[in-house]
Structures are given as C-alpha cells and as structure tokens.
Amino acid sequence: MKIAIIGMGTAGVTVLKELAKSDKFQEMHIDAYDNPINMGQGVPFQNDSDQLLINLPAAQMSLNLENRHEFVDWYQQQSTFKFSNPEYLPRFIFGHYMKAYLDEINNRNRNVTLIKEAVSEVFIESKIGQTDVTYHVCTSYDMERCKSYDVVFLTIGTLSYHDPYQLKGTPGYIHTPYPTYNTLNNVKDTDQIAIMGTGLASLDVIRYVTDHHNNFPIVVTSRKGHLPSVRGEMPDITFKYITPERFNKIKEKNFGNVPLDDAIALFLKECALFELPVENLVNRKKGNPIEDLKYDLEHSETLGKFQSILELIKENLNWIWNSFNRNDQKVFLQKYQPILKANSNPMPPRTAKLLIEYIEQGLVQIRDGLENVNYENNKYHFVFENQTLDTFDIVINATGSKTQLKDLDSDDQLVVNMENRQVVQAHPLGGIQIIAETNQVISPRYGTLDNMFALGQLTNGINQSRNGVTMIVKQATDIVNRLLEK
Ligand SMILES: Cc1cc2nc3c(=O)[nH]c(=O)nc-3n(C[C@H](O)[C@H](O)[C@H](O)COP(=O)(O)OP(=O)(O)OC[C@H]3O[C@@H](n4cnc5c(N)ncnc54)[C@H](O)[C@@H]3O)c2cc1C
C-alpha cells in the first residue's frame, strides 16, 4: 500500500506514528511531505522565540492518548532544553518532541521517506467509464515527477492569514506573524508598530516585540479589542446531559436533528451542576483590558469550570455540531460561536500578568473600534470608530487564518488547485467537505473518496473549533484505526 502524508505537523506525525503500530507497517510505503523547516514540527510548534508558550499546562499535551504525561516525561529525560518554569513550556519544545517521534520512525524504517518539499498538486486519475481512482501527488508542475498513491492524508494545517485591508505586499506590512523572531528583521528602532488583531497570535507578537523594540507604545488593535480569556483552574469533567445517547433520542423526534434550543438547554443543565453564573460569565468583559484580565485571574475557580465545560463541548463538537440542521448551525455561528471562541484557548495566567504589567507601564496599548487601515505616503493610517486617526510605520498582521475557500489566493495554491481539479469542494460553513464520521474527502466529481482523508483546520466547516492538539490526535488515531481495520 502506497501512502502519502501531506503536511508533517501534529496531524501528519500522529498519522505516521499510528500507522507504525500496525503489524502490516512494513508492507506500507509511506512518503511524508513538508517543507524542510516545518517537517515534523508544523507551524504552531516551529522553532521560534522561547517566549511563545503552549497555551495549556505541558502535562496536558501529548501525542499519545494512552499516556498524557509522555511529553513531560520526554522533556524531563532530554538535556538539550531546560526551562525554569516547566509548567507552561515554550511551544517549539513540543515541536522537538513531535520531531523526535518522526526521526525515530524514519531512522528505524526503510519504508518511510521524508520528502522535504511542499506539495503543489493533488489530482485524481480515473479512466472514463470506470469508478476506480488513483491519487497523484506532485511537488512541481512537471507531471513526470508526480507520484501515485493508494491512500492520501491531507494534513496541511491552517490556511494562510486574512488580509482584511488588502495590505499584502506594501512595505512595512508583515503579513504572517510567525516565526515572530523574523517580524523585526527590517524594522528600525524608531519605527512605530501596530499589531492588527487581539487574539492568541497577537499575544505571541506582543511578547516578542515588546522585548526587542524600543519605540513604545506598541498599539494592539481590532474591532472589539477583546483579548483572549485567562486559563482558570480547569477540573476534569464528564457530561451528564450532553451525551450521544440523549442526542440520538432527541433526533428521533426531530427529523434527524437536534434543535439548537434543546442543545442549549442541556448545556445550561451541565453548567447548573457546577452552579455557574453563566450570564455573568458570558458578559463579564467590560472593555477595559486590565480590569478584564484581573477579573479572570481573580475568578479562576469559577471560570475554570466554565472553560472545562466549553473545552469538552469543543472536543465533542463533531457530533454535537453535525446534529444541528443548517439553519441552527448558522444561528450557532452567529450567537454562540463567539462565546466559545472568547473562552477557548485561554492564555496562561503568567502571560496575563505580564500583559497587565506591559499595559500599566505604557509599553502596550490595546485599542478597540478599528474600522479601516490604508497606506499612504509611506505610513499606515488607522481609522477608528470614533473617527480618531493614528499612523504607524509597521503593521504586524495577527488577524488569524482564513477559513473559507472563496477567500483563498496563491498563498494556498495547493487547495486552490485541488478545488479547481474538483478533488475537493467548499463546505458552506468553511473548509472542505468531508464525511464527519470518517474524515473522508467528498469530491464534487468523484463522490466520497474512500482513501483520501483530511483533518485539521482545512475541515473547519465540519470540525468547528476542534483544532487543539488532543482533538487532532484523536481524529488522526481514529482515521488510521479505521483504515487498518479495512
Ligand atoms: C499560533 C498557534 C498556537 C497554537 N498553540 C496551541 C497549543 O498551545 N496547544 C494546542 O493544543 N493547540 C494549539 N494550537 C492549535 C494547533 O493548530 C493544533 O494543535 C495543531 O498544531 C494543528 O496541527 P496540524 O497538523 O493540523 O497543523 P500543523 O501542525 O501546522 O501542520 C501542518 C503542516 O502542513 C504543512 N503544509 C502546509 N501546506 C503544505 C503543502 N502544500 N505541502 C506540504 N506540506 C504542507 C505545514 O508546513 C505544516 O508543517 C495552536 C495554533 C496556532 C496557530
């Protein structure tokens, strides 16, 4: 069996690691594709500043579902990297742990080949009148160099960054914030810097830029100006009301769907078990960044329980989300997704404390109400809601990655090409169409592709908000197990 894994970050490495467990592994010929920099580490865990931290305690990050402590054990056993506060380790350390897996499997097995090139085309060969398909993977536009496979895993991670004000290509605009240590390469000490976006990526940039630049304040801005929440004390929980059994019963009486209102009622019952003041928690942000951060730090117990519930919702969002009808999915995205987003992937408490310090010392200014940015006379002009204007020399884009195929350009050429060749098609709510239960790709031309699997953010329409390491590892493990059973 010839297998291609396209993208060797968290998902790709996990796929390979799970395949390697099979008795039939030696009968497989596996080509693993990625560029030489990200091979084995992926984008979030690439080599970067040690100030960029994993957003949950290291003891909760592992590629091994049967051993939650594996990453921490690996960290303690090696001697190359040592940090004084190992509870929240730098992200690149997790990348080295993943890469150690890849190197070990690659060194031990001659049937694995690492191809250190980006894939530019994946196309399907099928003879007219026949339904059998063969998958082809190419790293150039020379068809002679394409290779054919029986099974393909599309594990290419996040799509490229949004460019909300069409600034890509203008001087001083840094379109992608990673690796953060490259962001200041062409910046003068006297330049005034604005960071666009106030989500997790902006925190990474703030940490690096405040330490390596001299002209303050660094202005961090977005429409709402909301920073991510702060991680509370999150207990391990299980759901009593939101269960597949209960959902199946509701579906029997509702034309195969669970009405959103019913699901929300169950959610509120879960919250009631912990006596959570849901309304207060949802509306707790007052628009003053220091007060908002302090509120989270001071309510870590209550907030932690709420975050645990939301995290468990995310882990199970595949069957929860796919039980809703399309209208309810749209309502969910509008009404509830922002709440989920605002409270997921919280920052470590020590990042919050540092941010408070930066803001109090005037190093960082958080501003809301951003309406427009344009570039004129070598300056970026920021227009805010209250009609105030501000100018900057450098803009670092931390607005997050695209989710919809219609927004893609040459930065995502592989996906653009696959859509054009009718290998994949857009899901109306984002990413590409797959079967929710199996991650098999649904092609508009060939129907369900039995042996082409996609996972990660490329499937965000189906896998709403399910992009954390544990969720990716679970998906990859399930897909490989199902494939091996076949
Ligand atoms: C900045 C950031 C921080 C995060 N921090 C955390 C965290 O602390 N904890 C957590 O649980 N989750 C975190 N996440 C979520 C994270 O996205 C997932 O946990 C996980 O890393 C995603 O794995 P992936 O394999 O889908 O993507 P990645 O790990 O990024 O892997 C995708 C790989 O595909 C490669 N690729 C792309 N296109 C091609 C192509 N054409 N040909 C070949 N290769 C290609 C890329 O180079 C990359 O190596 C973070 C995400 C981001 C963006």
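Student: In which loop is Gln422 found?

Tutor: The model is a predicted one. In it, Gln422 belongs to the loop that runs between helix H13 (413-420) and strand S16 (440-443). Its phi is positive, about 60°, although Gln422 is not a glycine. Most residues other than glycine have a negative phi, and most peptide bonds are trans. Gln422 counts as partly exposed because its relative accessibility is 37%, between the limits of 20% and 50%.

Ser465 also has a positive phi of about 60° without being a glycine. Ser465 sits in the loop between strand S17 (447-454) and H14, and with a relative accessible area of 24% it is partly exposed.

One runs from Tyr178 to Pro179, with omega near -10°, and Pro179 lies in the loop between S8 and strand S9 (193-196). The other joins Phe216 and Pro217, with omega about 0°; Pro217 is in the loop between helix H4 (200-212) and strand S10 (218-221).

Thr155, in the loop between S7 and strand S8 (173-174), is buried, since its relative accessible area of 5% is under 20%. Beyond its neighbours within four places in sequence, Thr155 contacts Ile5, Ile6, Gly7, Ala11, Gly12 and Leu455.

The largest nonpolar core has 45 residues, and Ile5, Leu19, Phe71, Phe94 and Phe153 have the most contacts inside it. Among the elements that each supply at least two residues of this core are strand S1 (2-6), strand S7 (151-154) and helix H14 (469-485); H3 gives the most, with 8 residues.

Helix H8 (residues 289-298) and helix H12 (residues 349-360) pack at about 155°, with axes 10 Å apart. H8 is therefore roughly antiparallel to H12, as the angle is over 145 degrees. The crossing of H8 and H12 is left-handed. By class, the contact of H8 with H12 has 9 nonpolar, no polar and 3 charged residues.

Note on methods
Residues numbered from 1 in each chain as written. Predicted model: local features only at pLDDT ≥ 70, side-chain atom pairs only at ≥ 80, totals over all residues. Heavy atoms only, no water. Axes fitted to C-alpha atoms, helices over the stretch in contact; angles between N-to-C directions. Helix = DSSP H or I, 4+ residues; strand = E, 2+ residues; numbered from the N terminus. Parallel < 35°, antiparallel > 145°, perpendicular 65-115°, else oblique. Left-handed = near helix turned anticlockwise from the far one by under 90°. Nonpolar A, V, L, I, M, F, W, Y, C, P; charged D, E, K, R; others polar. Core = buried A, V, L, I, M, F, W, Y, C linked by side-chain atoms within 4.5 Å. Buried < 20%, exposed > 50% of the residue type's maximum accessible area, 1.4 Å probe, protein only. Contact = heavy atoms within 4.5 Å.
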